[in-house]
Amino acid sequence: MNIDALLTNGQIYNSYLKKFIVGNIAVSGDRFAYVGTDELPLTPQRTVDLAGQYVIPGLIDCHMHIESTMCAPRTFMNGAARNGVTTLIAEPHEIANVFGLEGIRALMRSALDGPCDVRIAIPSSVPSTNDALETAGAAIENDDVEALMHMEQVICLGEVMNCREVIADAHSKTNRLIRQIQNGRPDFSIEGHCPRFVGWELAQILYRGVRSDHTDQSLEGLAQRAANGMFIQLQEKTLKKEFLDYLMEHNLSGRFALVTDDTMPDAFMQHGQLNHLVRRSMELGLAPEEAIYAATYAPAQHMGLRDKGTIAPGRIADFVVLSDLREFSIESVWRAGRQVFARGGAWEEPERDTSFPAHFYHSVHLAPRTAEDFVLRAPIAEGTVLCRILEVQEHTTFVAEGQAELPVRGGVIDWESSPYNLACVFERHGKNGGCGMALVGGTALTRGAAATTYAHDSHNLLVLGQTAADMLAAANAVIEAQGGFAAARDGSVEAFAPLPIAGILSDRPLPVLGEQIGRVRRVLADCGYRHDNVIMSLSTLSLPVSPYFKLTDKGIIDVKKGVIAPLILETKENSLA
């Protein structure tokens, strides 16, 4: 055996004892050969004195979406590795909603042989609902699942989002896919997306085979999931002190993991990736040993990665060297025995990502919009209409329902004189040219407009604004660029992030994309949009599996009922004198 690297005098995290032990680490090839204090009978090719620094397993993000960062895969991996992440379980339902199986395969090819080990979760809900409620660019069917589930990179069935369908119809497409995995790959985990489901409804989801959940919930919902054996994945919005206290009080270490789900590119640049959640969990009172466990060994065990998540002989040599444990100050990152990052190293990335097929850069099949596209027509000539209002809420992506009366003049609803935004979703995959329209209130824009093809999950063109002129400017900027995220006011675009790959990914380096999205965020906030995450709030206005009301190209969706809901609830026509 050759010893390629010997790291001495480190404080090494032992996942089995859940504590740090002073010692040395020997690496041979892509694996750990020895951990301890013995004098080795072999001469290493390289020796590194750690001088008391901490060594932990490489971080494992077991529920995330590369496309949610708007980064191309290679760009994302470079950023993740710099933040101590060596393994990603990526669920590519975003690109699958545009290009189906072809999109998944293209993403997988782009992610090969990078600084992170990227494993794939098979998208189970593409589209997120069905053709009656939204128009996606493609679908994932049983044949696609069969093609994917025996590929080396594929590791589980991705989040089952349409839980209403799972409960309502044992023979639904989603349940067929679940049974297909249970029969063909019983070793796979079946991942869940079950926001606020409790009691009998939660039991039915578990009965069908779903085994994890990463969504927003109450403490009671968390307790029910834990008591019923669900693996709990805590993302930033659910990383709460009361949740962590409950998990520790009930000895549930190993039954939960820290995950990122969606990371915005500007936040990625500023705060990092999974390392940010490890640091945040320690700030909330979780012991460092438990925080590391929840980002390494626990997700590895949940996903069946038996040779990861621990520093021990024979396991894959993925590890991170830290100079400060609580600050999580990263000195170097090693992936499969090879150093992939060292503090002070330059950010090396090509100016443009050209790794995808040429037609992926031309996927927005929409003619330029005109002012007529933002006219909201009424079934009466003059009078008033009582309209359903989609109410954006400041601290959640859930959209509530409200009502408001608006005037009608010449058969047109005068929304521009109201305090409400007009929202339009234009089908952009070249299938039917549909358009859904809604009125939006709550903490949405007070002026200006936004437009994006980064609109979960079908990624049609979503436009939201206070004036038609601003909506027109934003929409046409996105169409011309073949995808993007635009913010406009006073009739012109003030901030723009081009997303030319499938209309959802940038071809630029992360520092460039991060600044572009940061600028969009600042302009939208200056235009009155109030939310903890403005970009995610806006882009999920079109996600018809996220409570309670959303908008697709088919119209307003009542998420709980799974039906299209009317915009106009009542009309009052002016009587002639």
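# Ring contacts and strand pairing

Ring pairs join Tyr 13, Phe 20 and Tyr 54 into a cluster. The model is predicted. Across the structure there are 12 aromatic pairs. This briefing covers ring pairs, charges over rings, and strand pairing.

**Aromatic pairs**

- Tyr 293 and Tyr 297 form a tilted pair, because their planes stand at 45 degrees, which lies between the limits of 30 degrees for stacked and 60 for edge-to-face. Their ring centres are 5.4 Å apart.
- Tyr 293 is buried, because its relative accessibility of 12% falls under the 20% limit.
- Tyr 297 has a relative accessible area of 14%, so this residue also counts as buried.
- Tyr 454 and Phe 485 make another tilted pair, with planes at 45 degrees. Here the ring centres lie 6.3 Å apart, and the cut-off for a pair is 6.5 Å.
- Tyr 454 and Phe 485 are both buried.

**Charges over rings**

- Lys 18 places its charged end over the ring of Tyr 293, 4.4 Å from the ring centre. Tyr 293 is also the tilted partner of Tyr 297.
- Arg 369 has its charged end over the ring of Phe 426, at 4.9 Å from the centre.

**Pairing around β5**

- Strand β5 (residues 54–57) pairs with strand β1 (residues 5–14) in the parallel sense, over two bridges. Val 55 in β5 stands opposite Ile 12.
- β5 also joins strand β14 (residues 319–324), through four bridges. These two strands run antiparallel. Ile 56 has Val 320 of β14 as its bridge partner.

**The parallel sheet β11-β12-β13**

- Three strands make up this open sheet, in the order β11-β12-β13, with parallel pairing.
- β11 (212–213) and β13 (256–258) are the edge strands. Each has a single partner strand, so one side of each lacks a neighbour in the sheet.
- β11 and strand β12 (residues 231–234) run parallel and are joined by two bridges. Ser 212 has Phe 231 in β12 as its bridge partner.
- Helix α8 (residues 241–249) packs on the sheet and touches β12 and β13. The direction of α8 makes about 150 degrees with that of β12.

**The antiparallel sheet β26-β27-β28**

- This open sheet also has three strands, in the order β26-β27-β28, and its pairing is antiparallel.
- β26 (549–552) and β28 (563–565) stand at the edges. With a single partner strand each, they have one side left without a neighbour in the sheet, which is why they count as edges.
- From one strand to the next, the twist averages 45 degrees.
- Strand β27 (residues 555–558) connects to β28 through three bridges, and the two run antiparallel. Ile 556 stands opposite Ala 565 of β28.

Key
Residues numbered from 1 in each chain as written. Predicted model: local features only at pLDDT ≥ 70, side-chain atom pairs only at ≥ 80, totals over all residues. Heavy atoms only, no water. Pairing = 2+ DSSP bridges. Contact = heavy atoms within 4.5 Å. Axes fitted to C-alpha atoms, helices over the stretch in contact; angles between N-to-C directions. Phe/Tyr/Trp six-rings, centres within 6.5 Å; stacked < 30°, edge-to-face > 60°. Buried < 20%, exposed > 50% of the residue type's maximum accessible area, 1.4 Å probe, protein only. Lys NZ or Arg CZ within 6 Å of the ring centre and 35° of its normal.
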